[in-house]
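Morning, everyone. Please look at the model on the screen. I'll take you through it in a few minutes.

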Amino acid sequence: MRRAIYPGSFDPVTNGHLDIIERGCKLFDEIIIAILVNPDKRPLFTIEERREMLLEVIQTISTGNCRLLVEDFQGLLVHYAVQREADAIVRGIRAVSDYEYELQMALMNRRLEPRIETVFMMPAEVYSYVSSRLVKEVFQLGATIQGLVPPSVEARMSEKLKRG
Ligand code: PNS
């Protein structure tokens with residue numbers, strides 16, 4: 001049984017994340033989508049909202065026999081990965097600009113916990129410029145984000161914006 005952790009902020013989940021999860025499902029029997037609880041950041045969505053959105057949208061992708069779980073974690077990712085008996089950490093790399101930061105994290109994580117491998121995966125090219133940060137920014141400034149996030153996430157973003 002091969003288990004991976006797919007960590008992130010998922011504020012909110014994008015189609016790029018879903019693409020990586022689908023691809024990860026070809027390699028792993030189980031993927032734990034792990035939302036980082038980060039008290040230093042001011043997220044748009046609460047952990048509970050992010051968890052709900054993830055649970056909704058993972059129903060819409062093809063996962064084969066792969067089991068998907070949604071959890072949250074605090075503290076060091078590698079501690080959580082060991083505690084959950086994971087074999088690997090999955091991270092998506094969109095462009096060369098992601099690589100440097102991701103390499104640093106992967107090597108630091110390896111130093112901290114050599115038993116856990118990091119697996120980098122490339123999303124489909126159409127998502128190569130999609131990030132949660134940009135999705136939030138353009139949406140808050142009035143642009144459409146159709147096709148960049150699942151429809152249910154778009155609806156929740158509209159709700160948030162209405163409520164301010
Ligand atoms: O979606 P993000 O914000 O790019 O995800 C970043 C994440 C959650 C992978 C990273 O911030 C992380 O692993 N944080 C947990 C704390 C930790 O382990 N820090 C050391 C990393 S080398």
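Start with a side-chain pair: arginine 91 and glutamate 102 are joined by a polar contact of 2.7 Å. A polar contact is a pair of N or O atoms within 3.5 Å; within protein, one must be able to donate a hydrogen and the other to accept it, and residues adjacent in sequence count only if both atoms are side-chain atoms.

A word on the source. This is a predicted model, where local features need pLDDT of at least 70, side-chain atom pairs count only at pLDDT 80 or more, and totals for chains, interfaces and linings use all residues. Residues are numbered from 1 along each chain as its sequence is written, and side-chain values use heavy atoms, with hydrogens and water left out.

Back to arginine 91. It lies in strand β4, residues 88-92. Helices (H or I, at least four residues) and strands (E, at least two) are DSSP runs, numbered from the N terminus. A polar atom of the arginine 91 side chain is 3.0 Å from the backbone oxygen of proline 7.

Which atom of the ligand is 3.0 Å from an N or O atom in the side chain of arginine 91? An oxygen atom. A ligand oxygen is also 2.7 Å from a side-chain N or O atom of serine 9. Another residue to look at is leucine 77: one of its polar backbone atoms is 2.8 Å from an oxygen atom of the ligand.

How much of the ligand does the protein bury? Taken alone, the ligand exposes 550 Å², and the protein buries 76% of that. Those areas come from the Shrake-Rupley method with a 1.4 Å probe; for residues, only the protein chains shown count as cover.

Now the shell. The ligand is surrounded by 13 residues, each with a heavy atom within 4 Å of it. Seven are nonpolar, four polar and two charged. Here Ala, Val, Leu, Ile, Met, Phe, Trp, Tyr, Cys and Pro count as nonpolar, Asp, Glu, Lys and Arg as charged, and the others, Gly among them, as polar. Which element gives the most to this shell? α4, with three residues.

Last stop: the loop between β1 and α1. Phenylalanine 10 is found there, and its phi is near 50 degrees, a positive value. Proline 12 is in that loop too. A cis peptide bond joins aspartate 11 to proline 12, with omega about 5 degrees. Most residues other than glycine have a negative phi, and most peptide bonds are trans.
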